[in-house]
Amino acid sequence: MVDLKGQYQDIQAQVDAKIKEVIASSSFIKGPEVQEFEKELANYLQVKHVISCANGTDALQIAMMGLNLKPGDEVITVDFTFAATVEVIALLGLTPVLIDVDPDTFNMDTNALQKAITPKTKAIVPVHLFGQCANMEVILSIANEHNLHVIEDTAQAIGADFTFSNGVCKKAGTMGIVGTTSFFPSKNLGAYGDGGALFTDDDTLAKKLRSIVNHGMSKRYYYDRIGVNSRLDSLQAAVLRIKLPLLDSYAKARQKAADFYDKAFENCERITTPKRSDFSTHVFHQYTLKINGINRDSLHEFLKDNSIPNAIYYPVPLHQQKAYKHFKFNKERLGVTIDLCKTVLSLPMHTELDTEQLNYITNKIIAFTNK
Ligand SMILES: *Cc1c(COP(=O)(O)O)cnc(C)c1O
């Protein structure tokens, strides 16, 4: 699904030299690399504060801690996402409210959002799934109307641009009160291990988040609040500093592969290619098809037999997962997610796909689905 080795080879000399330098400096934790990376990412995103942490799941948890969400508060997010989003809501004793997604963009259904709001709702967590922003203009206006926090889960969409109807353009993760991301190796900006970050323009919140990631400490050994231990280490920051300037070119390579797939499947009745919304660019963390008229799982098996990597994101809606079943969800309103879990299939998507590989993949798929 990804080719991390190929991508590394292009930057190997730089990465190897930098890693040696960091080791020689012995500044493994909270070193200058981490501070520089935070500044550079803030500059790239055009946001005031970047607070790095250990992974994208922690980033979500820390965001919710920073916003003072309390047990019993309802947090609305989508049923069609990676488990981390709902996991941290549950871990903090908050009540997850799972809503459906738009069948074409896979992102939060804003009509469903409107319907899900109750007097207990405190926050909304839109997930910019597969590399494309959710409809933030509508989500932010609903949030403003009801005085709710918006936490953007940007783990899959770092670098995507959202354009508001007044022409203002913002990076994914910088529109809500706080945005979170992950530097897991296979994410669009991947480290060589775990990593994550939070973004915010709010000075007070930034200060608080910075204290929470470091045990709730304000001054050394003085604790103002209960925090966690969640750090990005210097080696990961050093790798990310090398890759950040390449992020836009990585997105271009992904978009080029997506264009190839789009064109190849243009006339395939049984394949629906991913929709690109007009308000957001798409950085294609995943390239996800919908398969209709034939059994998706038989295609999945066929591709496996032909050594074509492919994956099902996601095979089971979160509301049906054993771990989350005890929450009361409105199943009747989650039909799109239930349907998507049966029909989606993601194809190899990374920065190193060449025409030969793309031809092989698409020809095999077309031959199978036209049978
Ligand atoms: C990967 C991911 C996360 C979690 O990131 P980790 O760094 O693996 O903890 C959270 N949300 C979404 C949507 C993700 O894809």
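Q: How many residues line the largest cavity, and which lie nearest its centre?
A: The largest cavity has 13 lining residues, and L4, Q7, P185, K187 and R254 are nearest its centre. On a 1 Å grid over the protein atoms alone, a cavity is a set of points where a 1.4 Å probe fits but cannot get out, and lining residues have an atom within 4 Å of a point.

Q: What am I looking at, a prediction or something else?
A: This is a predicted model, where local features need pLDDT of at least 70, side-chain atom pairs count only at pLDDT 80 or more, and totals for chains, interfaces and linings use all residues. Residues are numbered from 1 along each chain as its sequence is written, and side-chain values use heavy atoms, with hydrogens and water left out.

Q: What volume does the largest cavity have?
A: About 80 Å³, where a volume is the space filled by probe spheres set on the grid points, which are joined across faces, edges and corners.

Q: Where does it lie?
A: The largest cavity lies between domain 1 (4–245) and domain 2 (248–369), because both give residues to its lining. The domain bounds come from an automatic or database domain assignment.

Q: How many cavities of 30 Å³ or more are there?
A: The whole structure has 2. The second largest cavity holds about 50 Å³ of space, and its lining includes T105, F106, H282 and Y287.

Q: Where is that one?
A: Domain 1 and domain 2 both give residues to the lining of the second largest cavity, so that cavity lies between them.

Q: Now the ligand. Which residues surround it?
A: Among them are N55, G56, T57, D153 and K187, where near means a heavy atom within 4 Å. K187 is also among the residues nearest the centre of the largest cavity.

Q: How much of the ligand does the protein cover?
A: The protein covers 91% of the 380 Å² of accessible area that the ligand has on its own, by the Shrake-Rupley method with a 1.4 Å probe.

Key: On a 1 Å grid over the protein atoms alone, a cavity is a set of points where a 1.4 Å probe fits but cannot get out, and a pocket is an open set with protein on both sides within 12 Å along at least five of seven lines; lining residues have an atom within 4 Å of a point.
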